[in-house]
Amino acid sequence: MKKRYITIITLCIIIALLLTGCMLQRGESGTAEVQISTAGNSTAPDNQEQNTDQEDSAALQAENPYGIDPAKPMVALTFDDGPSQHTWNIVSTLQSYTARATFFIIGNQVATHEAAIDYILANHNEIASHSFGHKNLTKLSDVEVVNQIRPVDAALLEQHDYIPVMYRVPYGSRDERVLEILKQEGKPVIGWSVDPYDWKVKDKDTIVNHVLNSVKDGDIVLMHDIYEPTAQAVAELVPELQEKGYQIVTVSELFQFRGVTPEPGVYYKHVPPAENGK
């Protein structure tokens, strides 16, 4: 009888030990699962940071697709009175040097130069308005001034799904009344700070020398894309300006990367560093 009790007690002890071992194994397995889960969660912040960096990079690329450096000199080349047959060569030159410009077109040229306008836009240049018929706005009535603004926008919207933001008054002629009308029409008024008189001299070398000897950081250069010597001058000017360290940008880019918001009805002739450009 005594031996039976001892055997039973021994068996109970063995069973108890076996049960304890199983519980310990389960506990270790549970701990391992927690550790694995924790290790998996530890990678989440890295993925989130990587996604955030990618989103920031995409946003920066969208805002500044050409990598313009606001700290470096920049100049805006502008062309009035076109488009014309010479516009094509000017745009091709700009494209070959990854440069862009602003074309202030005449509204009554839109219908007959659709392909040229498409070419301007397809190569990431900017179009702005230079009135519908190149008339001196100071000599027109209020209604006539408006009729030199709105039809340009309407024609470009209909044919190219594009509305120009900025306006350049013909001959640079403006007064308080004209500026007030342009303000009501929502148009910043763009002048210029460098004028090689290409329309008058019609000589490639004279145009090139004038611009290179006059240009400064933040300047807006006036030229006309209706003259062949101007197109020839641009072919030399673009690489030489870049060689001098200038980034060749549109007028809107000049404003954007100088931190200036152009105001309707306000006249701007340049946008130099740390100034308002008015």
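Select K204, D205 and E236: a network of salt bridges links them. A salt bridge here is a side-chain nitrogen of Lys or Arg within 4 Å of a carboxyl oxygen of Asp or Glu. The model is predicted, so local features need pLDDT of at least 70 and side-chain atom pairs count only at pLDDT 80 or more, while totals for chains, interfaces and linings use all residues. Residues are numbered from 1 along each chain as its sequence is written, and side-chain values use heavy atoms, with hydrogens and water left out.

Stay on K204. Its salt bridge with D205 has its closest N and O atoms 2.7 Å apart, and the salt bridge between K204 and E236 is also given as 2.7 Å, N to O. K204 lies in helix α9 (residues 204–214) and E236 in helix α10 (residues 228–243), 32 residues apart. Helices are DSSP runs of H or I with at least four residues, strands are runs of E with at least two, and both are numbered from the N terminus. K204 is partly exposed at 22% relative accessible area, and E236 is partly exposed at 29%. The cut-offs are under 20% for buried and over 50% for exposed, with partly exposed in between (1.4 Å probe, protein chains only).

Next, select D80 and R168, which meet in a salt bridge of 2.7 Å, N to O. D80 is in strand β1 and R168 in the loop between α6 (150–160) and α7 (176–184), so the pair ties together parts 88 residues apart in sequence. D80 is buried at 3% relative accessibility, and R168 is buried at 0%.

From D80, move to the strands. β1 (residues 74–80) and β2 pair in the parallel sense over 3 bridges; two strands pair if DSSP finds at least two bridges between them. T78 stands opposite T102 in β2. On the other pairing, β2 and β3 (residues 126–129) are parallel over 4 bridges, and F104 has A128 in β3 as its bridge partner.

Which residues cover the faces of β2 (residues 102–105)? T102 and F104 lie on one side, F103 and I105 on the other, and all are buried. In a regular strand the side chains alternate between the two faces of the sheet.

Last, select F255 and Y268. Their rings form an edge-to-face pair, 5.1 Å centre to centre with 80° between the planes. Rings of Phe, Tyr and Trp (its six-membered ring) pair if their centres lie within 6.5 Å; planes under 30 degrees apart count as stacked, over 60 as edge-to-face and the rest as tilted. F255 is buried at 2% relative accessibility, and Y268 is buried at 0%.
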